[in-house]
Amino acid sequence: MYAFEPSDEQKMLIDAIQRYSTNDLRPAAHEADETSQLPEDLVEKGWELGVLQASIPEEYGGFGDHSAVTGVLAAEELAWGDLAGAFAVLTPGLFALPILLSGSEEQKENFLPRVIEAEWKPYTAALIEPRFDFDPNDLETVASENNDGYLLNGEKVFVPYAADSEALLVYAQLNGKTQGFIVPGDTDGLIVGDRQALMGINAFPLFKINLNDVRIPKQNRLGDQSSQGINAIIDASRVAIAAMGVGLSRAAFEYSREYAKDREVFGVKVAQKQAIAFLIADMAIEIEAIRLLTWEAAWMIDEGKEEASKYAYLAYTGAMDMAMMVTDRAVQILGGHGYIREHPVEMWMRCGRGIATFTGLALV
């Protein structure tokens, strides 16, 4: 049975992230959303907290061991500060963690220190495709064997920092199975399109890319070529997004609850109105339910349980509905003020709508 008491190392990491989210991410979130730009020093400060570094063993440049439980605790606190900023800080993990989980020893030694031992750099990944029925196990991007390497062809969307990427991990179908391929950012045939304009997370740069006969050597195919290797990556992404949905929802819940306790209407505090009190109670219940489910899924991943994939999926799909419900109710509780941009609940609602879309944008 998993425990509810974090270790001393986890406590130290979470305390540091809470300070960063409170003092840096949250105060910068509104302007970053309005200008569609995250300050570089803000992202670098979050990178220096060592969230990813704590998941990478010392022999590859990190200072810890991979733990999905630690990852979801960190992701929740980052998203409480700002979802766009959380995604940005965690972006290099999209490249590094799959190599750690599924790469060959040669790939780990070659690529992981490049990511971990320097300042934040735009290492990223390309998974999502422009299809309403997108399925990570049934991709339209294809890889074909060609002499001593592979040719990649297809189209991807929602690729973080693609315009400036040092390298990308591109997922494609090879012989009916999803595989990962390491692609340097300056590879011929890799065409980066315009930055995508979205409803939420406006400060987080996402791009379309096209792969036109992108040629890579055979050693750039992820070492673990089994379906289990890819499923481990998908599970890590699902629990990450679920945790971020919890953090975002917690932010909206706490803000709207405090507003309702302070705001008077016709001489009565808004929170004392029964209908509002019931809304707040339901929000708290849903947040705690999905948080516990996310923790359990992360624990199952760490323990190698057979049902880990099932619980990761349940946590993710539950977080979709929970985030939309909580952020929508936060706007309702503020009434007309909820629709005004000077209050953050409208931004959180726009971001909450995207939880259903963001698989593949974060891993823990």
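This is a predicted model: local features need pLDDT of at least 70, side-chain atom pairs count only at pLDDT 80 or more; totals for chains, interfaces and linings use all residues.
Residues are numbered from 1 along each chain as its sequence is written, and side-chain values use heavy atoms, with hydrogens and water left out.

Okay, salt bridges, meaning a side-chain nitrogen of Lys or Arg within 4 Å of a carboxyl oxygen of Asp or Glu. The structure holds 20 of them. Take E254 and R250, whose side chains meet at 3.4 Å, N to O. Both sit in helix α6, four residues apart, about one turn of the helix. (Helices are DSSP runs of H or I, at least four residues, and strands are runs of E, at least two, numbered from the N terminus.) R250 is buried at 12% relative accessibility, while E254 is partly exposed at 24%. For those words, buried is under 20% relative accessible area, exposed is over 50%, and partly exposed is in between, using a 1.4 Å probe and protein chains only.

D282 is in helix α7 and R329 in helix α8, so the pair ties together parts 47 residues apart in sequence.

Now, the asparagines. N220 lies in the loop between β7 and α6, and it's buried at 10%. Leaving aside neighbours within four places in sequence, its contacts (heavy atoms within 4.5 Å) include F111 and P184. N210, in strand β7, is partly exposed at 30%.
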